[in-house]
Amino acid sequence: MSQSRSEDRLRDPIRQNDSGSEPFRFPEFYRREKPRLMRFFTRQLGNPADADELSQETFTRFVRAAPVQALASPQAYLTRIATNLLRDFIERSSTLLSRRSSLIDDELDLIAPCDTHRELQARQDLSRWTLILNQLQPETLDIFLRNRVEGQTYVEIAQELGVPLWVVQKQMLKAMKHVVAHREANDD
């Protein structure tokens with residue numbers, strides 16, 4: 001898409017549908033769809049700040065995407081963008097958590113045997129996180145441990161358990177929300 005055409009789309013929020021019957025008004029569309037996106041993201045992530053950020057990103061991508069007059073259903077297209085963003089966000093978050101947990105594991109190896117304070121703190125942290133993870137349902141915990149401890153990919157887990165990939169993703173999302181909620185509670 002050329003630069004001037006993109007600028008025209010940003011300046012001209014009113015575009016005609018294919019039917020030509022009623023014009024598309026982005027401000028009205030935004031006011032109508034923003035609460036729905038917020039509910040969707042908040043329900044999936046449990047965090048209003050992340051939900052707001054992903055909602056804004058969804059609308060940004062919607063505006064930059066195909067011309068609205070070429071869309072049969074702008075709402076369905078917006079939902080597809082939101083679903084893809086959520087999937088990408090979860091994958092990024094799980095990778096970030098994996099990096100953080102490997103850093104923690106590396107630091108635990110560096111504790112000197114004579115440093116009893118750090119050793120005690122490490123045992124308490126391990127005990128606390130064991131209790132937190134044991135609150136998960138058994139199938140969710142199994143999938144989480146396969147991914148985080150054993151290093152299996154979602155695809156490998158799905159194949160090994162004989163379940164669809166979306167089931168693994170859904171269980172990982174539950175586990176991630178649980179871990180994030182308890183991590184944030186500990187930060188407070």
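Select glutamate 160 to begin: this residue is partly exposed, with a relative accessible area of 48%. In this tour, buried means under 20% relative accessible area, exposed means over 50%, and partly exposed lies in between (1.4 Å probe, protein chains only). The model is predicted: local features need pLDDT of at least 70, side-chain atom pairs count only at pLDDT 80 or more, and totals for chains, interfaces and linings use all residues. Residues are numbered from 1 along each chain as its sequence is written, and side-chain values use heavy atoms, with hydrogens and water left out.

Arginine 146 and glutamate 160 form a salt bridge, with their closest N and O atoms 2.3 Å apart. The pair links distant parts of the chain, since arginine 146 belongs to helix 6 (residues 138-148) and glutamate 160 to helix 7 (residues 154-161), 14 residues apart. Helices are DSSP runs of H or I with at least four residues, numbered from the N terminus. Arginine 146 is buried, its relative accessible area being 14%. A salt bridge here is a side-chain nitrogen of Lys or Arg within 4 Å of a carboxyl oxygen of Asp or Glu. Side chains of opposite charge can pair when their charged atoms come close. How many salt bridges does the structure hold? There are six.

Now select lysine 34 and aspartate 52. Their side chains meet in a salt bridge, at 2.9 Å from N to O. Lysine 34 lies in helix 2 (residues 26-45) and aspartate 52 in helix 3, so this pair ties together parts that are 18 residues apart in sequence. Lysine 34 counts as buried at 14% relative accessibility, whereas aspartate 52 is partly exposed at 32%.

Remain in helix 3 (residues 48-64) and select serine 55, which lies within this helix. Is serine 55 buried or exposed? Serine 55 counts as buried, because its relative accessibility is 0%. Display its neighbours: serine 55 touches Lys34, Leu37, Met38 and Phe41, not counting residues up to four places away in sequence. Such a contact means heavy atoms within 4.5 Å.

Finally, select arginine 32 and glutamate 33. These two residues form a salt bridge whose closest N and O atoms are 3.5 Å apart. Arginine 32 is exposed, with a relative accessible area of 52%, while glutamate 33 counts as buried at 3% relative accessibility.

How values were computed. Helices (H or I, at least four residues) and strands (E, at least two) are DSSP runs, numbered from the N terminus.
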